[in-house]
Amino acid sequence: MRDFELTPRLRLLADWVPPGARLADVGTDHAYLPVWLRLHGRVVSAIACDLREGPLARARETGRTYGAKGIDYRLGNGLAVVSPEEANTIVIAGMGGENIAAILARAPWTADGKHTLLLQPQTRAEVLRAFLAENGYAIRREALAEDRGVLYPVMEAGGGEMSLTLGQLYGGAALLRDPLGDRYIIQKIIRLQTAVAGINRSGGGQEKGDALREIITALLSEREEWRRANCR
(Lines give C-alpha, C1' and ligand atoms only; values in the text may rest on other atoms or scores of the structure.)
Protein backbone atom coordinates (compact mmCIF):
# COMPACT_ATOMS: atom_id res chain seq x y z
CA MET A 1 0.00 0.00 0.00
CA ARG A 2 1.36 3.39 -0.96
CA ASP A 3 1.05 5.90 1.84
CA PHE A 4 1.71 9.55 2.63
CA GLU A 5 1.87 11.83 5.64
CA LEU A 6 -0.87 14.30 6.46
CA THR A 7 -0.08 17.86 7.46
CA PRO A 8 -0.52 18.56 11.20
CA ARG A 9 -3.83 20.32 10.48
CA LEU A 10 -5.27 17.37 8.55
CA ARG A 11 -3.77 14.83 10.97
CA LEU A 12 -5.67 16.38 13.87
CA LEU A 13 -8.88 16.13 11.86
CA ALA A 14 -8.07 12.51 10.98
CA ASP A 15 -7.44 11.67 14.64
CA TRP A 16 -10.90 12.97 15.53
CA VAL A 17 -12.80 10.99 12.89
CA PRO A 18 -14.59 8.16 14.76
CA PRO A 19 -13.46 4.67 13.68
CA GLY A 20 -15.93 3.13 11.24
CA ALA A 21 -17.43 6.48 10.29
CA ARG A 22 -19.26 7.24 7.08
CA LEU A 23 -17.43 10.39 6.04
CA ALA A 24 -18.32 13.41 3.93
CA ASP A 25 -15.42 15.77 3.21
CA VAL A 26 -16.69 19.13 1.94
CA GLY A 27 -14.25 21.24 -0.06
CA THR A 28 -12.02 18.19 -0.38
CA ASP A 29 -9.52 19.73 -2.85
CA HIS A 30 -6.85 16.99 -3.22
CA ALA A 31 -8.89 14.57 -1.07
CA TYR A 32 -5.86 13.84 1.10
CA LEU A 33 -8.02 13.33 4.19
CA PRO A 34 -10.58 10.83 2.81
CA VAL A 35 -7.88 8.97 0.87
CA TRP A 36 -5.68 8.62 3.97
CA LEU A 37 -8.62 7.51 6.09
CA ARG A 38 -9.66 4.88 3.56
CA LEU A 39 -6.09 3.62 3.13
CA HIS A 40 -5.83 3.14 6.89
CA GLY A 41 -9.26 1.52 7.20
CA ARG A 42 -10.52 4.26 9.48
CA VAL A 43 -13.80 4.91 7.62
CA VAL A 44 -16.18 2.51 5.91
CA SER A 45 -17.04 4.96 3.16
CA ALA A 46 -16.20 8.49 2.07
CA ILE A 47 -17.79 11.18 -0.05
CA ALA A 48 -15.32 13.75 -1.36
CA CYS A 49 -17.10 16.82 -2.69
CA ASP A 50 -15.96 20.11 -4.09
CA LEU A 51 -17.56 23.12 -5.72
CA ARG A 52 -15.21 23.15 -8.72
CA GLU A 53 -14.22 20.55 -11.24
CA GLY A 54 -10.48 21.34 -11.02
CA PRO A 55 -10.08 20.41 -7.35
CA LEU A 56 -12.36 17.40 -7.83
CA ALA A 57 -10.15 16.17 -10.66
CA ARG A 58 -7.15 16.48 -8.34
CA ALA A 59 -9.08 14.53 -5.72
CA ARG A 60 -9.76 11.68 -8.15
CA GLU A 61 -6.09 11.65 -9.14
CA THR A 62 -5.03 11.35 -5.48
CA GLY A 63 -7.38 8.40 -5.08
CA ARG A 64 -6.00 6.71 -8.21
CA THR A 65 -2.38 7.37 -7.27
CA TYR A 66 -2.70 5.72 -3.87
CA GLY A 67 -5.24 3.09 -4.84
CA ALA A 68 -7.93 4.23 -2.39
CA LYS A 69 -11.27 2.50 -2.89
CA GLY A 70 -14.69 3.32 -1.48
CA ILE A 71 -14.60 7.05 -2.20
CA ASP A 72 -17.44 8.76 -4.07
CA TYR A 73 -16.33 11.99 -5.77
CA ARG A 74 -19.10 14.57 -6.19
CA LEU A 75 -19.28 18.00 -7.77
CA GLY A 76 -21.54 20.38 -5.88
CA ASN A 77 -22.01 23.29 -3.53
CA GLY A 78 -21.37 22.40 0.09
CA LEU A 79 -23.61 19.65 1.41
CA ALA A 80 -26.15 19.99 -1.39
CA VAL A 81 -24.85 16.75 -2.92
CA VAL A 82 -24.90 14.78 0.37
CA SER A 83 -28.06 13.41 1.97
CA PRO A 84 -28.31 13.14 5.77
CA GLU A 85 -28.30 9.34 5.85
CA GLU A 86 -25.19 8.99 3.68
CA ALA A 87 -22.72 10.31 6.26
CA ASN A 88 -22.52 10.51 10.04
CA THR A 89 -19.24 12.46 10.16
CA ILE A 90 -18.81 15.66 8.17
CA VAL A 91 -15.52 17.47 7.69
CA ILE A 92 -15.52 21.07 6.45
CA ALA A 93 -12.00 22.44 6.47
CA GLY A 94 -9.63 24.79 4.73
CA MET A 95 -11.99 27.71 4.16
CA GLY A 96 -13.14 30.82 5.98
CA GLY A 97 -15.36 30.54 9.02
CA GLU A 98 -18.11 32.53 7.30
CA ASN A 99 -18.11 30.05 4.39
CA ILE A 100 -18.35 27.06 6.75
CA ALA A 101 -21.25 28.77 8.55
CA ALA A 102 -23.02 29.37 5.21
CA ILE A 103 -22.64 25.70 4.25
CA LEU A 104 -24.15 24.57 7.56
CA ALA A 105 -26.96 27.14 7.27
CA ARG A 106 -27.99 25.54 3.98
CA ALA A 107 -27.98 22.09 5.62
CA PRO A 108 -29.88 22.49 8.93
CA TRP A 109 -30.11 18.70 9.27
CA THR A 110 -26.50 18.81 10.49
CA ALA A 111 -27.85 20.02 13.86
CA ASP A 112 -30.04 16.94 14.37
CA GLY A 113 -27.66 15.40 16.94
CA LYS A 114 -26.93 12.42 14.69
CA HIS A 115 -23.96 13.95 12.89
CA THR A 116 -20.45 14.73 14.09
CA LEU A 117 -19.06 17.91 12.54
CA LEU A 118 -15.31 18.42 12.31
CA LEU A 119 -14.69 22.03 11.36
CA GLN A 120 -11.43 23.82 10.61
CA PRO A 121 -11.76 27.50 9.70
CA GLN A 122 -8.74 29.13 8.09
CA THR A 123 -9.99 32.61 9.01
CA ARG A 124 -12.88 34.26 10.87
CA ALA A 125 -13.22 31.45 13.41
CA GLU A 126 -15.25 33.82 15.60
CA VAL A 127 -17.95 34.02 12.91
CA LEU A 128 -18.25 30.24 12.88
CA ARG A 129 -18.34 29.97 16.68
CA ALA A 130 -21.08 32.60 16.84
CA PHE A 131 -23.11 30.83 14.16
CA LEU A 132 -22.88 27.51 15.99
CA ALA A 133 -23.96 29.03 19.29
CA GLU A 134 -26.92 30.80 17.70
CA ASN A 135 -28.20 27.93 15.55
CA GLY A 136 -28.56 24.86 17.72
CA TYR A 137 -25.01 23.50 17.74
CA ALA A 138 -22.53 22.91 20.56
CA ILE A 139 -18.76 22.75 20.31
CA ARG A 140 -17.80 19.53 22.12
CA ARG A 141 -14.06 20.10 21.94
CA GLU A 142 -11.59 22.42 20.26
CA ALA A 143 -7.84 22.21 19.74
CA LEU A 144 -5.10 24.04 17.87
CA ALA A 145 -2.84 22.61 15.18
CA GLU A 146 0.39 24.36 14.22
CA ASP A 147 1.05 24.01 10.51
CA ARG A 148 4.00 25.84 8.92
CA GLY A 149 4.06 28.31 11.79
CA VAL A 150 0.33 29.12 11.62
CA LEU A 151 -2.15 28.15 14.34
CA TYR A 152 -5.40 26.63 13.11
CA PRO A 153 -8.40 25.91 15.36
CA VAL A 154 -10.14 22.57 14.88
CA MET A 155 -13.61 22.08 16.36
CA GLU A 156 -15.81 19.07 16.94
CA ALA A 157 -19.44 20.12 17.04
CA GLY A 158 -22.92 18.66 16.86
CA GLY A 159 -26.50 19.42 17.72
CA GLY A 160 -26.91 20.98 21.15
CA GLU A 161 -26.88 24.24 23.07
CA MET A 162 -24.05 26.46 24.23
CA SER A 163 -23.37 30.05 25.14
CA LEU A 164 -20.03 31.72 24.60
CA THR A 165 -18.50 34.83 26.13
CA LEU A 166 -16.96 37.46 23.88
CA GLY A 167 -13.54 36.15 24.89
CA GLN A 168 -14.48 32.61 23.90
CA LEU A 169 -15.86 33.74 20.55
CA TYR A 170 -12.49 35.20 19.60
CA GLY A 171 -10.09 33.20 21.78
CA GLY A 172 -11.58 29.73 21.46
CA ALA A 173 -14.59 27.96 22.89
CA ALA A 174 -12.60 25.24 24.64
CA LEU A 175 -8.89 26.07 24.48
CA LEU A 176 -8.11 26.77 28.14
CA ARG A 177 -6.10 23.54 28.40
CA ASP A 178 -4.55 23.74 24.94
CA PRO A 179 -0.75 24.27 25.15
CA LEU A 180 -0.96 26.65 22.17
CA GLY A 181 -3.93 28.56 23.58
CA ASP A 182 -1.93 31.45 25.05
CA ARG A 183 -0.12 32.02 21.77
CA TYR A 184 -3.40 31.95 19.88
CA ILE A 185 -4.93 34.59 22.16
CA ILE A 186 -1.85 36.81 22.01
CA GLN A 187 -1.90 36.72 18.20
CA LYS A 188 -5.55 37.78 18.22
CA ILE A 189 -4.81 40.65 20.61
CA ILE A 190 -1.91 41.91 18.49
CA ARG A 191 -4.03 41.89 15.30
CA LEU A 192 -6.81 43.78 17.03
CA GLN A 193 -4.40 46.31 18.54
CA THR A 194 -2.97 46.90 15.06
CA ALA A 195 -6.48 47.51 13.73
CA VAL A 196 -7.25 49.94 16.56
CA ALA A 197 -4.00 51.83 15.88
CA GLY A 198 -4.99 52.13 12.21
CA ILE A 199 -8.38 53.53 13.18
CA ASN A 200 -6.74 56.03 15.54
CA ARG A 201 -4.34 57.19 12.82
CA SER A 202 -7.19 57.74 10.38
CA GLY A 203 -9.07 59.81 12.93
CA GLY A 204 -12.39 58.04 12.34
CA GLY A 205 -14.45 55.03 13.22
CA GLN A 206 -14.77 55.72 16.94
CA GLU A 207 -17.59 53.19 17.33
CA LYS A 208 -15.61 50.47 15.55
CA GLY A 209 -12.54 51.28 17.63
CA ASP A 210 -14.54 50.96 20.83
CA ALA A 211 -15.91 47.59 19.71
CA LEU A 212 -12.40 46.30 19.00
CA ARG A 213 -11.13 47.53 22.36
CA GLU A 214 -13.98 45.65 24.04
CA ILE A 215 -12.85 42.44 22.31
CA ILE A 216 -9.25 43.05 23.39
CA THR A 217 -10.37 43.45 27.01
CA ALA A 218 -12.34 40.19 26.76
CA LEU A 219 -9.32 38.40 25.29
CA LEU A 220 -7.08 39.67 28.07
CA SER A 221 -9.51 38.15 30.57
CA GLU A 222 -9.52 34.92 28.56
CA ARG A 223 -5.72 34.89 28.69
CA GLU A 224 -5.81 35.20 32.45
CA GLU A 225 -8.21 32.24 32.56
CA TRP A 226 -5.79 30.23 30.41
CA ARG A 227 -2.85 31.09 32.68
CA ARG A 228 -4.76 30.10 35.81
CA ALA A 229 -5.82 26.82 34.22
CA ASN A 230 -2.26 25.96 33.21
CA CYS A 231 -0.28 27.15 36.21
CA ARG A 232 -1.81 24.92 38.89
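For the lining counts below, Ala, Val, Leu, Ile, Met, Phe, Trp, Tyr, Cys and Pro are taken as nonpolar, Asp, Glu, Lys and Arg as charged, and the others, Gly among them, as polar. On that basis, the lining of the second largest pocket divides into nine nonpolar, four polar and four charged residues, while the lining of the largest pocket has 11 nonpolar, nine polar and six charged residues. The model is a predicted one.

**The largest pocket**

- The space in the largest pocket comes to about 550 Å³.
- Its lining is made up of 26 residues, and those that lie nearest the centre of the pocket are Gly27, Thr28, Asp29, Ala93 and Gly94.
- At least two lining residues are supplied by each of the helices α1 (8–16), α2 (32–39) and α3 (53–66), and likewise by each of the strands β1 (21–26) and β4 (89–95).
- With four residues, β4 gives the largest share of the lining of this pocket.

**The second largest pocket**

- About 330 Å³ of space lies in the second largest pocket.
- The lining here consists of 17 residues, of which Gln122, Thr123, Arg124, Lys188 and Arg191 are the closest to the centre of the pocket.
- Two or more lining residues come from each of α5 (125–134), β7 (150–159) and α7 (181–202).
- The largest share of the lining of the second largest pocket, six residues, belongs to α7.

**Glu134 in helix α5**

- Helix α5 contains Glu134, a residue that counts as exposed because its relative accessibility is 65%, where the cut-off for exposed is over 50%.
- Glu134 and Met162 are 28 residues apart along the chain, and their C-alpha atoms are separated by 8.3 Å.

**Cysteines**

- A disulfide is a covalent bond between the sulfur atoms of two cysteines.
- When a disulfide is taken as a pair of cysteine sulfur atoms within 2.5 Å, the count for this model comes to zero.
- Is Cys49 buried or exposed? Cys49 has a relative accessible area of 1% and is therefore buried, since the cut-off for buried is under 20%.
- Cys231, by contrast, has a relative accessible area of 62%, so this cysteine is exposed.

Methods
Residues numbered from 1 in each chain as written. Predicted model: local features only at pLDDT ≥ 70, side-chain atom pairs only at ≥ 80, totals over all residues. Heavy atoms only, no water. 1 Å grid on protein atoms, 1.4 Å probe; cavity = no way out; pocket = protein on both sides within 12 Å on 5 of 7 lines; lining within 4 Å. Points joined across faces, edges and corners; volume = space filled by probe spheres on them. Buried < 20%, exposed > 50% of the residue type's maximum accessible area, 1.4 Å probe, protein only.
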